[in-house]
Amino acid sequence: MLHKAFVTLFWQVFDDIKPAAEYFHVRPITVKRWLSGSVDVNPMAEKLLIIRARGYLPDDIRWRGFRVDEENAVIVTPEGRRFSPKELDSWALRYDRYHALKRMYELDYVPVRTNVVTPLPFRGGRRITTSKGETVSKSKKKEIRRKKRTGSS
């Protein structure tokens, strides 16, 4: 990382030198030397700064726009939705309860669940163009419902 880029990113992330020195586990004078350019920036400090600026998420196209808000301990989506760790943990349980209730009360339509695998962005040095799983289209869902109502197979 170039010195100018480090300084710019540093002041976007930190308001003062003292909290930055605590974050990097160095003395404040070391951070001042990095910012003045008299000493080369430690490569690990550069990586830590980038990680902190990105919000601790991997540099991957699937995570683009997501970030972690440290102060409130939430994940923020590109649309601005905020999810706490407990809320994320409970989603699988809510999903399972919903489908159990659908089966228990034999409601007319139980959605067809398919296992959609999120493909990796790269495989063998090439970008993947086709998905490994298929999603059920709206017309296909309507067709399944119509068959269940009429009782035909």
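## Salt bridges, a pocket and a patch

R82 is partly exposed, at 41% relative accessibility. The model is predicted, so local features need pLDDT of at least 70 and side-chain atom pairs count only at pLDDT 80 or more, while totals for chains, interfaces and linings use all residues. Residues are numbered from 1 along each chain as its sequence is written, and side-chain values use heavy atoms, leaving out hydrogens and water.

**Overall layout**

The protein chain has 6 helices and 5 strands. Both are DSSP runs numbered from the N terminus: helices are H or I with at least four residues, strands are E with at least two. Along the sequence the pattern reads α-α-α-α-β-β-β-α-β-β-α. The chain holds 153 residues, and 20% of them are buried.

**Salt bridges**

The structure has 3 salt bridges. Each needs a side-chain nitrogen of Lys or Arg within 4 Å of a carboxyl oxygen of Asp or Glu.

| Salt bridge | N to O distance |
|---|---|
| R82 and D69 | 3.0 Å |
| R81 and E87 | 3.8 Å |
| K147 and E143 | 3.5 Å |

R82 and D69 meet in a salt bridge. This pair links distant parts of the chain: R82 belongs to strand β3 (residues 82–83) and D69 to strand β1, 13 residues apart. D69 is buried, with a relative accessible area of 13%.

R81 pairs with E87. R81 is partly exposed, at 45% relative accessible area. E87 also counts as partly exposed, because its relative accessibility is 21%.

E143 and K147 form a salt bridge within one helix. They sit 4 residues apart in α6, so about one helical turn separates them. E143 is partly exposed at 32%, and K147 is partly exposed at 36%.

**Helix α6**

How far apart are the end C-alpha atoms of α6? They are 19 Å apart. The helix covers residues 138–150, 13 residues in all, and should span 18 Å at 1.5 Å a residue, which agrees. That expected span is 1.5 Å times one less than the number of residues. G151 follows α6, and its phi is positive, near 80°.

**The largest pocket**

The largest pocket holds about 370 Å³ of space. Its lining has 15 residues, and Q12, V13, R52, E70 and E71 are the closest to its centre. Helices α1 (3–13) and α4 (43–54) and strand β1 (67–69) each supply at least two lining residues. A pocket is an open set of points on a 1 Å grid over the protein atoms alone, where a 1.4 Å probe fits and protein lies on both sides within 12 Å along at least five of seven lines; lining residues have an atom within 4 Å of a point. The volume is the space filled by probe spheres set on the points, which are joined across faces, edges and corners.

**The surface**

L101, M104, Y105 and L107 form a nonpolar surface patch, with about 450 Å² of accessible area together. In such a patch, residues have over 30% relative accessible area and no salt bridge, and nonpolar side chains (Val, Leu, Ile, Met, Phe, Trp, Tyr) are joined within 5 Å. Areas come from the Shrake-Rupley method with a 1.4 Å probe. L107 lies in the loop between α5 (85–104) and β4 (122–123). It is partly exposed, at 43% relative accessible area.

Is K4 buried or exposed? K4 is exposed, with a relative accessible area of 70%. It is found in helix α1. K4 and S36 are 32 residues apart in sequence, and their C-alpha atoms are 10.0 Å apart in space.

Note on methods. Patches are made of residues with over 30% relative accessible area and no salt bridge: like charges are joined within 9 Å, nonpolar side chains (Val, Leu, Ile, Met, Phe, Trp, Tyr) within 5 Å. Buried means under 20% relative accessible area, exposed over 50%, partly exposed in between (1.4 Å probe, protein chains only).
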